[in-house]
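Please have the viewer open as you read.

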Amino acid sequence: MTTLHSIVSCSLLLGLLLTGTTVGATSPRKVNSRTRWALTGFKRPLSVPVISPDTSTAFYCPMHNARVKWENGDTFNPAAVEKDGQVVMLYRAEDRSGMGIGKRTSRIGYATSADGIHFERESAPVLYPNASDSQAANEVPGGCEDPRVAVTEDGRYVMMYTQWNRKVARLAVATSTDLHHWTKHGPAFAKAYNGRFKDRFCKSASIFTKVKGGRLVITKLKGHYWMYWGEQFVNLAWSDDLVNWTPLLGADGNLLKVMQPRDGYFDSMLTECGPPAIVTKKGILLLYNGKNRSGQRGDTDYAANAYCAGQALFSLNDPTRLIHRLDKPFFSPTMAFEKSGQYPSGTVFIEGLVLHRGHWLLYYGCADSRVGVAVK
């Protein structure tokens with residue numbers, strides 16, 4: 001694979017870091033689902049979810065000072081990474097402490113699989129709100145949501161997740177060396193621009209990775225780490241330590257929008273980042289979640305408010321420049337368990353992507369209620 005250091009010029013990177021402006025932006029060309037740059041051809045190996053709610057597991061919750069059935073409500077929106085020859089899934093689990101989306105407490109559960117399809121779960125979560133830890137103000141009582149996980153070449157795991165205190169959602173960072181014990185670092189943008197974005201409602205981050213040694217590992221672009229992030233639109237941010245991140249700004253001083261929703265398409269309402277992005281020879285591949293509008297402003301081939309999965313390719317020379325974008329989703333809700341649950345409009349919400357034994361495994365949330373897998 002061509003090294004990024006030889007591709008990205010010092011002047012370009014300096015321009016991006018200092019000005020935050022879009023360099024050489026052009027309109028993306030329309031392409032179809034058979035385009036060669038996209039990662040398509042995913043199939044469901046099972047007709048049932050791989051993770052569903054469990055009413056039997058409980059743990060001692062430091063937020064309530066009591067034993068809680070932490071995953072008896074819904075289990076969905078998973079991260080995934082390979083460790084010691086196995087797939088480790090870190091999934092969002094909700095209890096039944098409230099009614100309605102966003103009104104329960106979320107915790108992150110842990111499951112392992114040798115084949116990436118059949119999982120064994122642990123009885124206690126590995127990341128959860130704690131009334132006495134440093135992030136209590138950001139996580140109590142809503143909890144820890146929607147993880148994305150990537151790993152450095154030397155085995156440092158980085159989780160980008162959403163802190164939810166039922167007032168403001170904040171994109172946050174946690175790190176680990178074993179996937180069980182996590183250090184919470186707080187909001188990803190807390191220090192950027194003198195704290196300007198510390199309390200901004202934000203979520204969903206895709207750290208740049210590359211394929212090396214048969215697995216995905218975090219990579220740098222000209223000496224810095226990068227990630228696409230965002231829910232309403234896609235932004236770009238950089239970091240030197242994978243903990244403190246600086247989002248790029250446009251010429252107007254506001255967040256730079258490198259990809260936005262499109263009227264008439266499946267992603268007409270939202271473009272929300274999915275699994276870690278992949279640096280390839282053809283560009284930076286971002287798999288993302290698109291939410292569909294109702295009526296003619298949306299894509300009438302899909303249900304109103306449905307979440308489908310799309311792909312976009314950004315330039316290696318300029319990661320703010322969108323080159324290609326699928327006009328139709330490469331993955332959409334078709335199974336009954338993808339269209340029933342907390343979100344019956346239909347959801348395949350992709351967050352985990354693993355290269356395991358030569359196969360791509362895509363993990364996704366099903367209607368905010370269960371976890372599914374697709375294989376390429």
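The report below covers the model, the fold and the largest pocket.

## About the model

This is a predicted model, in which local features need pLDDT of at least 70 and side-chain atom pairs count only at pLDDT 80 or more, while totals for chains, interfaces and linings use all residues. Residues are numbered from 1 along each chain as its sequence is written, and side-chain values use heavy atoms, leaving out hydrogens and water.

## Overall build

The protein holds three helices and 24 strands (DSSP runs, H or I of at least four residues for helices and E of at least two for strands, numbered from the N terminus). Its radius of gyration is 19 Å, close to the 21 Å that the globule rule gives for 376 residues, so the protein is as compact as a globular protein of that length (taken over C-alpha atoms; the rule is 2.2 Å times the number of residues to the power 0.38). Along the principal axes, the C-alpha trace spans about 55 × 45 × 40 Å.

Of the 376 residues, 60% are buried (under 20% relative accessible area, 1.4 Å probe, protein chains only).

## The largest pocket

What is the volume of the largest pocket? It is about 370 Å³, the space filled by probe spheres set on the grid points, which are joined across faces, edges and corners. Lining it are 19 residues, and Arg-92, Ile-101, Lys-203, Glu-231 and Asp-368 are the closest to its centre. A pocket here is an open set of points on a 1 Å grid over the protein atoms alone, where a 1.4 Å probe fits, with protein on both sides within 12 Å along at least five of seven lines; lining residues have an atom within 4 Å of a point.

Strand 8 (143-151), strand 9 (157-164) and strand 17 (270-273) each give the lining at least two residues.

How values were computed:
Buried means under 20% relative accessible area, exposed over 50%, partly exposed in between (1.4 Å probe, protein chains only).
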